[in-house]
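Hi,

Here is the structure I promised to pass on. Have a look at it first, and my notes on the aromatic rings follow below.

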Amino acid sequence: RVNSVNVNPMGVAFGSYSVNYERLFGGYNGLLVEATYSSMGSGDDQSTGYGGIIGYRFHWGGKQNSGFLGLNFGYQTGTGTAVVSTPAGSEKFEMDISQVSVVPNIGKRWAWDYGLNITLRFGVGYGDWKITSDAKTDNAKKAVELLDELLNLFPVALDGELSVGWNF
């Protein structure tokens, strides 16, 4: 079984959906492709995001049922509502956020002979954030600059997976 398709069942509770596919070559080398979508919010405050990863995994056990070391290259983008409150009142505007990332990771896949698998991975790496908005007011521009400075002060990207899937 050299192919695996996995989904994150717990993400549904948080409005986040992800699916990935991995192809194992020669038992040890895996090519990973992953797509994500998220939608959160209540009332007028909404955020939506999309993302993708392409990655490499080295399965040190030489099969799907193994620990692995990986390196993922990712891109994610999203749009959300921001609110700036001042003594004069509050201002609401749309903000766009995107990130390019390179994240090494470590993980483990438990795979059973009949095809079911559970995969766990965690990684910390580099993330380059970009924050933009079409809002033209000074408060909106200051909010975008502040968020951009904060996120890029420590340009960190986190990566994780807890998924259930099928090997075939």
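Searching the whole structure, which is a predicted model, turned up 3 aromatic pairs. One of them is Tyr28 with Phe58: the ring centres are 5.8 Å apart and the planes sit at 15 degrees, so this pair is stacked. Planes have to be under 30 degrees apart for that label. The two residues come from distant parts of the chain, 30 residues apart. Tyr28 is in the loop between strand 2 (16-25) and strand 3 (29-42), while Phe58 belongs to strand 4 (residues 45-59). As for accessibility, Tyr28 is partly exposed at 38% relative accessibility, and Phe58 is partly exposed too, at 33%.

Next up is Tyr37 with Tyr50. Their centres are 5.3 Å apart, but the planes make an angle of 50 degrees, so this pair counts as tilted. Tyr37 lies in strand 3 and Tyr50 in strand 4, so the contact ties together parts 13 residues apart in sequence.

One last thing to look at is a charge over a ring. The charged end of Arg57 sits over the ring of Phe68, 4.2 Å from the ring centre.

Cheers

Terms used
Residues are numbered from 1 along each chain as its sequence is written. This is a predicted model: local features need pLDDT of at least 70, side-chain atom pairs count only at pLDDT 80 or more; totals for chains, interfaces and linings use all residues. Side-chain values use heavy atoms; hydrogens and water are left out. Rings of Phe, Tyr and Trp (its six-membered ring) pair if their centres lie within 6.5 Å; planes under 30 degrees apart count as stacked, over 60 as edge-to-face and the rest as tilted. Helices (H or I, at least four residues) and strands (E, at least two) are DSSP runs, numbered from the N terminus. Buried means under 20% relative accessible area, exposed over 50%, partly exposed in between (1.4 Å probe, protein chains only). A charge sits over a ring if NZ of Lys or CZ of Arg is within 6 Å of the ring centre and within 35 degrees of the ring normal.
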